[in-house]
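Biologist: Please take a close look at one part of this model for me, the helix packing. Then set that part against the rest of the chain.

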Amino acid sequence: QSQLSQALNGLSDRAKEAKEFLVQLRNMVQQIQENSVEFEACLVAQCDALIDALNRRKAQLLSRVNKEHEHKLKVVRDQISHCTVKLRQTTGLMEYCLEVIKENDPSGFLQISDALIRRVHLTEDQWGKGTLTPRMTTDFDLNLDNAPLLQSIHQLDFVQMKVSSPVPAPPILQLEECCTHNNSATLSWKQPPLSTVQVEGYILELDDGNGGQFREVYVGKETMCTVDGLHFNSTYSARVKAFNKSGVSPYSKTLVLQTSEDTQSEEQTLPFPVPLERSQLRRMSPFSSTLNLQPSFSGRSYFELRSSAHQLSLHSSLQSLNSAGCNFDTQGSPYSQLGKFDIKKMVAVAWFSFDPSSAHADIIFSNDNLTVTCNSYDDRVVLGKTGFSKGLHYWELSIDRYDNHPDPAFGVARIDVLKDAMLGKDDKAWAITEGGITKGATVGVLLDLTRRTLTFSINEDQQGPVAFENLEGLFFPAVSLNRNVQVRAWTG
């Protein structure tokens, strides 16, 4: 019995490791899809760069051909003009000589005959000195040797992939060692037992305690970390991922932690993001190093906003902001035009990402569900996670990849909009399908549920007047796209 019990324990460990290994394999499926989208976008960008270089060279060569063309025409036209003048002079001399031959007075004829004979011979000699030979050939002495380039294009292929170790498996949070005390949280994790991939470090992320976006709070080699300076009586979500030279692993499972209640504390829970002047950024340190963390930078918010031109350029006509669940001071003069605004006492911002649960099955998500593309060449619809029923909202969508056909559509929709057709084909979506959108363009969507209007911009230029009016109800940010398009959302 003892031997059988020991053998079962060993087998149980193997079964547990096998389950964890299956989870790792399932996570690899999502990672492969994301890597495929990224690699495909990179390939398209490289080919587009080659095409652009070829078009630039084509323009240079055409310019040389045009210069040669103009030079040949000028030489021939100059020769035509010269010959026309000489022919006119020769014809006049011939007519004069014919009239002189008709002269009946011998003495008068003899007086001018010698001079005329010399002039006729001189004129004839002038015609004989290459005057009647074309100075320019009609052929273009240019020969484009495109054989080496064609050979290079035919040989264009993927180089041998560099040999490297695979990315690490997702770490496992050790629940028995994770805990909270007052407004600090201690987290511990490990690599899966069967994993033999070398790990160079880990990245620990926490949300803002209010269901907002995750932010990095620790990067290092340790497998245990204490995070202090959190809000009291708040619920935080934590996750961790590993990295090495080959890349970053998928995230671990998300762990939810509750900080302690402190009715005596003057701590005030602030909406995310924390105003810059009211809190400080604390860098997380490994548990084994210290529990008494010092601020790394003074005068910054606890969760620092990423430096991004899109996130920092709220460039629409926002006099004030308001969304479901977010409060703003909306007093002030109404906005007049796109590009001029005055934000009044901003308290919170409505962040959102794309929603996998309501999207068409062909939609592919990456970048924490902020970037989407599609498996199909047909149009597919994806919605944002947040619905708006009141207030003023603005977000942007950048076109990361676009092959010029067909056009994507951007706008808002009801939750039950058709997911397998271009946005706006039914009566549950309001969208812009403006032609001329190019790769790298930024589409802005301004939803004003106070005035019940929808306005669009491309690269900060408003597209016509108000696009739609009399909007009422619950609206979700929406995009329709296909395999030729990749879009990223910039919210907040």
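Modeller: Among contacts in the chain between residues at least 6 apart in sequence, 67% join residues at least 24 apart. Contact here means heavy atoms within 4.5 Å. The model is predicted, so to speak of local features takes pLDDT of at least 70, and side-chain atom pairs count only at pLDDT 80 or more, while totals for chains, interfaces and linings use all residues. Residues are numbered from 1 along each chain as its sequence is written, and side-chain values use heavy atoms, with hydrogens and water left out.

The chain has 492 residues, and 38% of them are buried. Buried means under 20% relative accessible area, exposed means over 50%, and partly exposed lies in between (1.4 Å probe, protein chains only). There are four helices and 23 strands. These are DSSP runs, numbered from the N terminus: H or I of at least four residues for helices, E of at least two for strands.

Now the helix packing. Helix H1 covers residues 2-101, and helix H2 covers residues 106-127. They pack at an angle of about 155 degrees, with axes 11 Å apart. That makes H1 roughly antiparallel to H2. The cut-offs are under 35 degrees for roughly parallel, over 145 for roughly antiparallel and 65 to 115 for roughly perpendicular, with the rest oblique. Axes are lines fitted to C-alpha atoms, for helices over the stretch in contact, and angles run from 0 to 180 degrees between N-to-C directions.

H1 passes H2 in a left-handed crossing. In such a crossing the near helix is turned anticlockwise from the far one by less than a right angle; clockwise would be right-handed. On the H1 side, the contact is made by Cys83, Lys86, Leu87, Thr90, Leu93, Tyr96, Cys97, Val100 and Ile101. H2 brings Phe109, Ile112, Leu116, Arg119, Val120, Thr123, Gln126 and Trp127. These residues divide into 12 nonpolar, three polar and two charged. Ala, Val, Leu, Ile, Met, Phe, Trp, Tyr, Cys and Pro count as nonpolar, Asp, Glu, Lys and Arg as charged, and the others, Gly among them, as polar.

Follow the chain past H2. Leu132 sits in the loop between H2 and helix H3 (147-154). Leu132 is exposed, at 64% relative accessible area. Asp139 pairs in space with Lys72: 67 residues apart in sequence, 9.5 Å C-alpha to C-alpha.

Next, the rest of the chain. The largest nonpolar core holds 33 residues, and Val382, Leu397, Phe410 and Leu447 touch the most other members. Such a core is a set of buried Ala, Val, Leu, Ile, Met, Phe, Trp, Tyr and Cys residues joined through side-chain atoms within 4.5 Å. Strand S16 (residues 392-402) gives the most to this core, with four residues. A second, separate core of 19 residues includes Leu173, Leu230, Tyr236 and Val240.

Some loops deserve a glance. Glu472 is in the loop between S21 and strand S22 (476-481). Glu472 is exposed, at 58%. Beyond four places in sequence, Glu472 touches Arg414 and Arg452. Its C-alpha is 7.4 Å from that of Ser389, 83 residues away along the chain.

Most residues other than glycine have a negative phi. Asn369 has a positive phi of about 65 degrees. Asn369 lies in the loop between strand S13 (363-366) and strand S14 (371-374), and is partly exposed at 22%. Asn459 has a positive phi of about 55 degrees. Asn459 sits between strand S20 (453-458) and strand S21 (461-462), partly exposed at 42%.
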